[in-house]
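These are my notes from one sitting with the model.

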Amino acid sequence: MEGAEKRGLVSVITPVFNGERYVSRLLQSVLDQTYPHVEMILVDDGSEDGTVLAAERYREAFARRSWRYEIVRAPHKNASAALSRGLPLVRGTYLIWPDGDDRLTPESIQLRVRFLLENPSYDCVRSLSSYFDDKTGLPLQREEQQGDLTKELLFWDVLEAKTFVCCGCYMLKTRPFFEIYPDRRIPEYDVGQNFQMLLPFLYRYPCPTIRQELYEVAVREGSSSRRNLTEEERIRRCKAFEQLVDEIAAICGIRDRASERRLLWWKLRRRLDLVRSAERRCQAVKTLWCGD
């Protein structure tokens, strides 16, 4: 029955847009998991290529493992909206949401579930990640800050980019997650999905770190996180992040003055970074046309 939790089951939910070339990498890594109780929910965000056809080819492989495999087709909007289309289908005790172009190491799910079973006071856990070049497969330098790996209260560290937000590293228990989002929808903004999934949870619950690289991140040219934005897009994105964080603060019930000031400073720093970035681009153009 959809929506009814199945003990020990891990729900993997992934939004994907135009992922024909790489979605098989993620799906195969899910099939290669050593943990025996998994369901896969892939939400196609209105792809214009052969993503759905590529995903359909994996039905038999999931059936051989007796794992539920859902492909949800949605009109194109954004990753957070796509996740919201898939969340009502989640039946697991645990939830992960890897990106469609990344991959899980074979023991990624098993080791995180084992940690939560052996440490039942925790409602989430995360692992480390590694990075690889999408074209060559060669390892690359880590992009996100690791931060203090002994810390477990991570709300501010994630918000302020002092530690990593890498989506496939985190595993949450579904029951407390759906207490935060009882309608099984997250705020839908065109600025990703990880703040929505993580921040309200991390505001309530400590999150320890397994110090193993259990998730592999593809560095891919042309991905949404690496595409060069126009000035108008940068401003719009900055405003959207501010609106999103305001909504998350409301979800968390943040009302104390110290936290409100800290949120304000977060906004001001982002605005200042936007101005400085624009100034550097203007100076580069000036140098190009006028010389030193």
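Which residues does Phe 177 touch, not counting residues up to four places away in sequence? I found Leu 87, Leu 95, Leu 172, Ile 186, Met 197 and Phe 201, where contact means heavy atoms within 4.5 Å.

Ground rules. The model is predicted, so I note that local features need pLDDT of at least 70 and side-chain atom pairs count only at pLDDT 80 or more, while totals for chains, interfaces and linings use all residues. Residues are numbered from 1 along each chain as its sequence is written, and side-chain values use heavy atoms, with hydrogens and water left out.

Core. I looked up the largest nonpolar core, which has 90 residues. A nonpolar core here is a set of buried Ala, Val, Leu, Ile, Met, Phe, Trp, Tyr and Cys residues joined through side-chain atoms within 4.5 Å. Buried means under 20% relative accessible area, exposed over 50%, and partly exposed in between (1.4 Å probe, protein chains only). Trp 97, Ile 109, Phe 177 and Phe 195 touch the most other members. The largest share of this core, seven residues, comes from α9. Helices (H or I, at least four residues) and strands (E, at least two) are DSSP runs, numbered from the N terminus.

Helix α9. I checked the length of α9, residues 231–252. Its 22 residues should span 32 Å at 1.5 Å a residue, and the end C-alpha atoms are 32 Å apart, so the two agree; the expected span is 1.5 Å times one less than the number of residues. The buried residues of α9 include Phe 241, Leu 244, Val 245 and Ile 248, and also Glu 242. Gly 253 follows α9 with a positive phi, near 75°.

Cavity. I searched the whole structure and got one cavity of 30 Å³ or more. On a 1 Å grid over the protein atoms alone, a cavity is a set of points where a 1.4 Å probe fits but cannot get out; a pocket is an open set with protein on both sides within 12 Å along at least five of seven lines, and lining residues have an atom within 4 Å of a point. The largest cavity holds about 40 Å³, a volume being the space filled by probe spheres set on grid points joined across faces, edges and corners. Its lining is Leu 128, Ser 129, Tyr 131, Arg 142, Glu 144, Gln 146 and Phe 164.

Ser 129. Ser 129 is buried, at 6% relative accessible area. Its contacts beyond four places in sequence include Arg 142, Glu 213 and Tyr 215.

I put the second largest pocket at about 190 Å³. Of its 14 lining residues, Glu 5, Arg 7, Thr 93, Tyr 94 and Lys 173 lie nearest the centre. The elements giving two or more residues to this lining are β1 (6–16), β4 (92–96), α5 (108–118) and α7 (174–180).

Pro 15. I found Pro 15 in strand β1, buried at 10% relative accessible area.

Positive phi. I noted Asn 18, not a glycine, at about 50°, in the loop between β1 and α1 (23–31). Asn 18 is partly exposed, at 27%. Arg 184 has a phi near 60° and lies in the loop between α7 and α8 (194–204). Arg 184 is buried, at 17%.
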